[in-house]
Amino acid sequence: AASDVYKRQIKASVLGFKEGLQAFEHVELVRIVSDKYNLLILKDYMPVLGEIHGKVEIVLEDGDRTETYEEIDGFFIHRNNEFELLITEDDYVE
């Protein structure tokens, strides 16, 4: 059971107007740069809920790919190694 703890990875999902629902597995970290704070979410990070006005980067474990969402407004939650982002307004919406 203890070895299962080290095998857990972050899963991330993003829901927005342009791309719809996107799901990512094998996420190494999530970087949030908002107008009032910076946050780095790693595996087994404490539960957190917040609002974002800025940029979110989802870095995948292979290191070859980073999904970046810039100039967005929305909400996020992270719990049990699952990160969810709801983009309420982004630069694609007029």
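These are legends for several close-up views of one predicted model.

Residues are numbered from 1 along each chain as its sequence is written, and side-chain values use heavy atoms, with hydrogens and water left out. Since the model is predicted, local features need pLDDT of at least 70 and side-chain atom pairs count only at pLDDT 80 or more, while totals for chains, interfaces and linings use all residues.

View 1. Ile-32 sits in strand β2, which spans residues 20-34. Helices (H or I, at least four residues) and strands (E, at least two) are DSSP runs, numbered from the N terminus. With a relative accessible area of 0%, Ile-32 is buried. The labels work like this: buried is under 20% relative accessible area, exposed is over 50%, and partly exposed is in between, using a 1.4 Å probe and protein chains only. Leaving out residues up to four places away in sequence, Ile-32 touches Tyr-37, Asn-38, Leu-39, Ile-41, Ile-52, Lys-55, Val-56, Phe-76 and Phe-83. Contact here means heavy atoms within 4.5 Å.

View 2. The structure holds 4 salt bridges, each one a side-chain nitrogen of Lys or Arg within 4 Å of a carboxyl oxygen of Asp or Glu. One of them pairs the side chains of Arg-31 and Glu-57, at 2.4 Å from N to O. Arg-31 belongs to strand β2 and Glu-57 to strand β4 (residues 48-60), so this pair ties together parts that are 26 residues apart in sequence. Glu-57 also meets Lys-55, side chain to side chain, in a salt bridge of 3.3 Å, N to O. How exposed are the partners? Lys-55 is partly exposed at 27% relative accessible area. Shared partners join the salt bridges of Arg-31, Lys-55 and Glu-57 into one network. Arg-31 is partly exposed too, with a value of 34%, whereas Glu-57 is buried at 14%.

**View 3. The Arg-65 and Glu-67 pair.** Here's another salt bridge: Arg-65 pairs with Glu-67, and their closest N and O atoms are 2.9 Å apart. Arg-65 counts as partly exposed, at 40% relative accessibility. In general, side chains of opposite charge can pair when their charged atoms come close.

**View 4. Gln-22 and its polar partner.** Gln-22 is found in strand β2 and is buried, with a relative accessible area of 18%. Its side chain makes a polar contact with the side chain of Tyr-69, at 2.6 Å. A polar contact is a pair of N or O atoms within 3.5 Å; within protein, one must be able to donate a hydrogen and the other to accept it, and residues adjacent in sequence count only if both atoms are side-chain atoms. Not counting residues up to four places away in sequence, Gln-22 touches Ala-12, Ser-13, Val-14 and Tyr-69.

**View 5. The stacked rings of Phe-76 and Phe-83.** Searching the whole structure turns up 1 aromatic pair. Phe-76 and Phe-83 form that pair, and they are stacked, with 6.0 Å centre to centre and 25° between the planes. For the cut-offs, rings of Phe, Tyr and Trp (its six-membered ring) pair if their centres lie within 6.5 Å; planes under 30 degrees apart count as stacked, over 60 as edge-to-face and the rest as tilted. Phe-76 is buried at 3% relative accessibility, and Phe-83 is buried with a relative accessible area of 1%.

**View 6. A nonpolar surface patch.** Leu-15, Leu-21, Phe-75 and Leu-86 make up a nonpolar patch on the surface, with about 380 Å² of accessible area together. Patches are made of residues with over 30% relative accessible area and no salt bridge, joined within 9 Å for like charges and within 5 Å for nonpolar side chains (Val, Leu, Ile, Met, Phe, Trp, Tyr). Accessible areas come from the Shrake-Rupley method with a 1.4 Å probe; for residues, only the protein chains shown count as cover. Leu-86 lies in strand β6 (residues 82-89) and is partly exposed at 40%.

View 7. His-26 isn't a glycine, yet its phi is positive, at about 60°. This residue lies in strand β2 and is partly exposed, at 44% relative accessible area. Asn-81, also not a glycine, has a positive phi of about 60°. Asn-81 is in the loop between β5 (66-79) and β6, and is buried at 5%.
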